[in-house]
Amino acid sequence: MGKSPKFVAYVKATAQLQRVDVSRLDRSEKIAFFINIYNALVIHANVTRGPPTNIWQRYKFFTYTSYVIGGYLYSLQDIENGVLRANRKGVGQFKKPFGRNDPRAKVSLSRHEPRIHFALVCGAKSCPPIKTYSAENIDRELQLASEAFFEGGGCVVDMRKREVSLSAILKWYKIDFGVNTEELLKWIAAHMSLGQTLTNLTQCIRDKSYKVVYQHYNWDLNSS
């Protein structure tokens with residue numbers, strides 16, 4: 001793939017990102033643009049450098065893999081946590097991505113969008129499937145991505161055990177979904193499609209009878 005004419009042309013095209021004035025984008029445009037750029041950057045880095053294989057490599061991958069956009073450097077961490085999560089500290093971070101005087105802070109969303117976690121693709125097998133997002137339909141597209149994520153195993157309810165098994169993504173970014181576990185589960189229920197899993201989850205929440213466990217995250221490269 002790295003030597004294909006289309007990929008070579010894509011790499012050349014990324015240089016034009018420095019000309020994009022992201023400060024003029026509205027909320028929907030920012031969300032769609034930065035999700036698509038994030039996912040493209042992950043693919044670009046995996047092809048040219050290879051996927052990270054341990055914790056230290058993953059830290060460097062997400063912290064230093066970057067594009068110059070509108071004259072400023074944006075790493076994967078900056079895009080996810082700085083822009084799309086409204087400048088919140090990421091996993092393992094001790095401070096916000098953008099400081100008070102950082103010009104990139106003006107690009108941050110005014111309020112975070114939790115559903116981006118079901119659209120951003122890090123390249124691992126436990127990540128959501130990759131899609132292209134549009135500003136015109138971003139709300140509907142993110143809702144569909146959320147529903148697909150939970151239907152695909154992101155939320156599994158065992159009524160016999162009263163056990164709710166959730167993707168580790170919901171543990172790492174729990175603060176984006178509510179202040180406690182009950183709020184997290186209510187958020188999930190509000191963003192699931194109709195079906196038996198939703199029925200079971202709703203019953204667990206109503207009865208206040210459940211145990212939440214988090215699934216193992218498979219960091220192996222998703223090559224499909």
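Author: N87 touches N81, G82, K96, P97, F98 and S108, leaving aside residues up to four places away in sequence; contact means heavy atoms within 4.5 Å. The model is predicted, so local features need pLDDT of at least 70 and side-chain atom pairs count only at pLDDT 80 or more, while totals for chains, interfaces and linings use all residues. Residues are numbered from 1 along each chain as its sequence is written, and side-chain values use heavy atoms, with hydrogens and water left out.

N87 lies in the loop between α4 and α5. Helices are DSSP runs of H or I with at least four residues, strands are runs of E with at least two, and both are numbered from the N terminus. N87 counts as buried because its relative accessibility is 13%; buried means under 20% relative accessible area, exposed over 50%, and partly exposed in between, with a 1.4 Å probe and protein chains only.

G92 is found in the loop between α4 (76-84) and α5 (138-154). G92 counts as exposed because its relative accessibility is 64%. From G92 to V20 the separation is 72 residues in sequence and 30 Å in space, C-alpha to C-alpha.

Next come the strands. β1 (residues 66-69) and β2 (residues 72-75) run antiparallel and are joined by four bridges; strands pair if DSSP finds at least two bridges between them. V68 has L73 in β2 as its bridge partner. The two strands form a hairpin with two residues between them, and G70 in the turn has a positive phi of about 60°.
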